[in-house]
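Thanks for coming. Please have a look at the sequence and the model on the screen, and then I will go through a few places in the chain.

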Amino acid sequence: LLTIGVPSVIICADRHEIEFAQFLEKKKLVINLGFGKKITQKNIRESIYKLQNNFNLRNQLHFNSIKTFDGKGVDRTGKLIIEKYLELLKYEKIVK
């Protein structure tokens with residue numbers, strides 16, 4: 001959603017996600033509620049209400065995210081995988 005600029009409220013489902021969520025929040029890309037087990041329905045409701053009723057916040061999250069993410073990460077990752085695979089094939093031919 002960030003690649004298309006959708007303002008987002010995120011909840012970490014696993015502890016390993018917390019650091020990245022904090023990074024996104026620090027860059028003003030999302031509203032981070034933290035680790036799911038510690039979040040109340042009231043926290044969720046208040047965050048959504050805040051986002052819904054604050055045009056400037058939505059606008060800031062939108063522009064920061066489209067400025068940060070170009071949406072081409074899958075293409076770049078795919079190209080890297082193919083390059084590494086072709087290198088591996090060349091190496092196998094040399095070794096054999």
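**Salt bridges, core and surface**

E87 forms a salt bridge with K84, and their closest N and O atoms are 3.8 Å apart. By salt bridge I mean a side-chain nitrogen of Lys or Arg within 4 Å of a carboxyl oxygen of Asp or Glu. Before going on: this is a predicted model, where local features need pLDDT of at least 70 and side-chain atom pairs count only at pLDDT 80 or more, while totals for chains, interfaces and linings use all residues. Residues are numbered from 1 along each chain as its sequence is written, and side-chain values use heavy atoms, with hydrogens and water left out.

Back to the pair. E87 and K84 are three residues apart in helix α4, so about one helical turn separates them. Helices (H or I, at least four residues) and strands (E, at least two) are DSSP runs, numbered from the N terminus. E87 is partly exposed, with a relative accessible area of 45%, and K84 counts as exposed at 52%. The cut-offs are under 20% relative accessible area for buried, over 50% for exposed, and partly exposed in between, with a 1.4 Å probe and protein chains only.

How many salt bridges does the structure hold? It holds three. Side chains of opposite charge can pair when their charged atoms come close. K42 forms a salt bridge with E46, with 3.8 Å between the closest N and O atoms. These two are four residues apart in helix α2, so they too are separated by about one helical turn. E46 is partly exposed, at 43% relative accessibility. D70 forms a salt bridge with R76, and here the closest N and O atoms are 2.9 Å apart. D70 is partly exposed at 45%, and R76 is partly exposed at 46%.

Now the inside. Which residues make up the largest nonpolar core? There are six: I31, L33, I39, L51, L57 and L61. A nonpolar core here is a set of buried Ala, Val, Leu, Ile, Met, Phe, Trp, Tyr and Cys residues joined through side-chain atoms within 4.5 Å.

Leaving aside neighbours within four places in sequence, L33 is in contact (heavy atoms within 4.5 Å) with residues including V9, I39 and S47. S47 is in helix α2, residues 41–52, and is buried, with a relative accessible area of 11%.

Another serine, S8, sits in the segment before β1 (9–12). Is S8 buried or exposed? At 10% relative accessibility, S8 counts as buried. Not counting residues up to four places away in sequence, S8 touches L1, L2, V30, I31, L51 and L61.

Last, the surface. I82, Y85, L86 and L89 make a nonpolar surface patch of about 390 Å². Areas come from the Shrake-Rupley method with a 1.4 Å probe, and for residues only the protein chains shown count as cover. Patches use residues with over 30% relative accessible area and no salt bridge; like charges are joined within 9 Å, and nonpolar side chains (Val, Leu, Ile, Met, Phe, Trp, Tyr) within 5 Å. I82 is in helix α4, residues 73–95, and is exposed at 53%.
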